[in-house]
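Please keep the sequence to hand while reading.

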Amino acid sequence: MTASQIATHPTMAKLTRSTHPAPVFPEKILQFGTGVLLRGLPDYLVQKANAEGRFGGSIVVVKSTDSQTNEFSDQDNLYTVAVRGLQQGQAVSETTIVSAISRVLAAQTQWKEILMLARNPKLQIVISNTTEVGLDYVEESIFQHPPQSFPAKLTAFLYERFRSVGGSRAKGLIVIPTELVTDNGLKLRDAVEKLAQYNELGKLFTKWLKFHVRFCNSLVDRIVTRPTHEAQQALQQEVGYEDDLLTFTEPYHLWAIEGDDRVRETLSFADASTPQIIIDEDINFYRERKLRVLNGTHSLTMPLGYLLGLETVADEMSHPAMSKFVESLMLTEIVPTVPDYGIPGMDKAAVAQFANDVLDRFRNPNLDHLLLNISLQETAKMQSRNVATIQRYFEQFNAVPKHIALGFAAYLLFMKAIREEKGQFFGEIAVNGGILTYPIRDDKAGYFYGDWKTVKNNVPATVLAFVKSVLSDVTIWKTDLAILPGFTEAVAQYLSAMLTAGVEKTLIKALA
């Protein structure tokens, strides 16, 4: 169907509860955040459980950024999740109308209503996804309407609940932050406890908080996006209604939650029929697996793919040499170094299966996962995701991981800024006979801008000195990578080759 045919199609009805009736359940979950990740993972999973009679609860959503909630209210809080992609090599196409959200309340204008919800005896769970700095402690009064930070809003809510239930054990809550921060539950608990102390909320509240409010570390893993205008129009034609909240996602999904029997009992939407929701007293295996295999591969392949003139992860996987590099890097150099627990589900086989799932996800043509977006703070990501992998590879194999060395060399080349404008640094690549300028959005861009001036492309000794200087910088890597035998030389050789022969020729030769 062409764009003009879509444009002239008669107006479709909007998705609402009158066009798509849906059951209403008691409000059991309070959710801070309206973003697509929450809509495409926790809310989607609650919807599935409600449809199968396993939970019977709805979600009240708090919007903190502004007071506009009409995008939800205009659709009676319904929205569509379109699952598109590959799973174990098979195409998956599933469309679900999610009716699990009962209300969306704006913190700026409806704070009293949000506090009233604290008195609801059926409420059991709090979920959040603010921002990575959203869990940071900010010293402020929780008695503002509303408090500014998310931890202060949560503390005010919990204090209101404590006052209304009198410290009852039965009315304690399970709090599950989903922000992509290590030990997110512990970090949020720490901020709430500090706010309780700063606001002098008393020993009885602190005791209730300690014993009856459970903060769970959690890890979410699913790529969820807003569709492009064209994809949205096409899908609306397919389903026959308008949906301004249409959400696109991949088949793969995982939600790992650190918890005990009480958590399992409360989260009744997670049971044997939902292996993608894991409740365990230790979720470090899942965090480490994702950090090394998925995130680590992204950080080591993004610079190379972008320097080749590719735009998305799916583009990398359709490029013959690049796709071979991605697979080989992941399966032969990263997967063997991921620690395992030696028990089913947490062993080498589980790591290998996850890696194959990740390759399917990377190949998904329905998701526009832009390489330039992955490049944000690339240096910090390289440190957190890949330094341990490099060290483990040397410990296990006593050899240079050649694909990692090439990926690292491409990262150094990606960080080569050719100019600075008002504190913003820019690099450039040759694409299709022209020059493409790109932003280097990295706190270390200025550091590299200075260091790159010492490099002469045709003088390998200057490249080697530059690489050695960077790898030995303990302030960046929190270790001296230059002491790893042969690593400095391998990175420098690849970097010299890219500077003289070009990126594609260097890649093809490395794979030969």
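Glu160 counts as buried, at 10% relative accessibility (buried means under 20% relative accessible area, exposed over 50%, partly exposed in between; 1.4 Å probe, protein chains only). Its salt-bridge partner is Arg163, with the closest N and O atoms 3.3 Å apart. Arg163 is exposed, at 55% relative accessible area. Both residues lie in helix 6, three residues apart, about one turn of the helix. Helices (H or I, at least four residues) and strands (E, at least two) are DSSP runs, numbered from the N terminus.

This is a predicted model: local features need pLDDT of at least 70, side-chain atom pairs count only at pLDDT 80 or more, and totals for chains, interfaces and linings use all residues. Residues are numbered from 1 along each chain as its sequence is written, and side-chain values use heavy atoms, leaving out hydrogens and water.

The structure holds 24 salt bridges. A salt bridge is a side-chain nitrogen of Lys or Arg within 4 Å of a carboxyl oxygen of Asp or Glu. Two further pairs are tabulated here.

| Pair | N to O distance | Relative accessibility |
|---|---|---|
| Asp136 and Lys187 | 2.9 Å | Asp136 30%; Lys187 31% |
| Asp190 and Lys194 | 3.3 Å | Asp190 36%; Lys194 36% |

Asp136 and Lys187 meet in a salt bridge. The pair links distant parts of the chain, 51 residues apart. Asp136 sits in the loop between strand 6 (125-128) and helix 6 (150-165), and Lys187 in helix 7 (residues 184-198).

Asp190 and Lys194 are four residues apart in helix 7, so about one helical turn separates them.

Arg287, Glu288, Arg292 and Arg392 are linked in a network of salt bridges.
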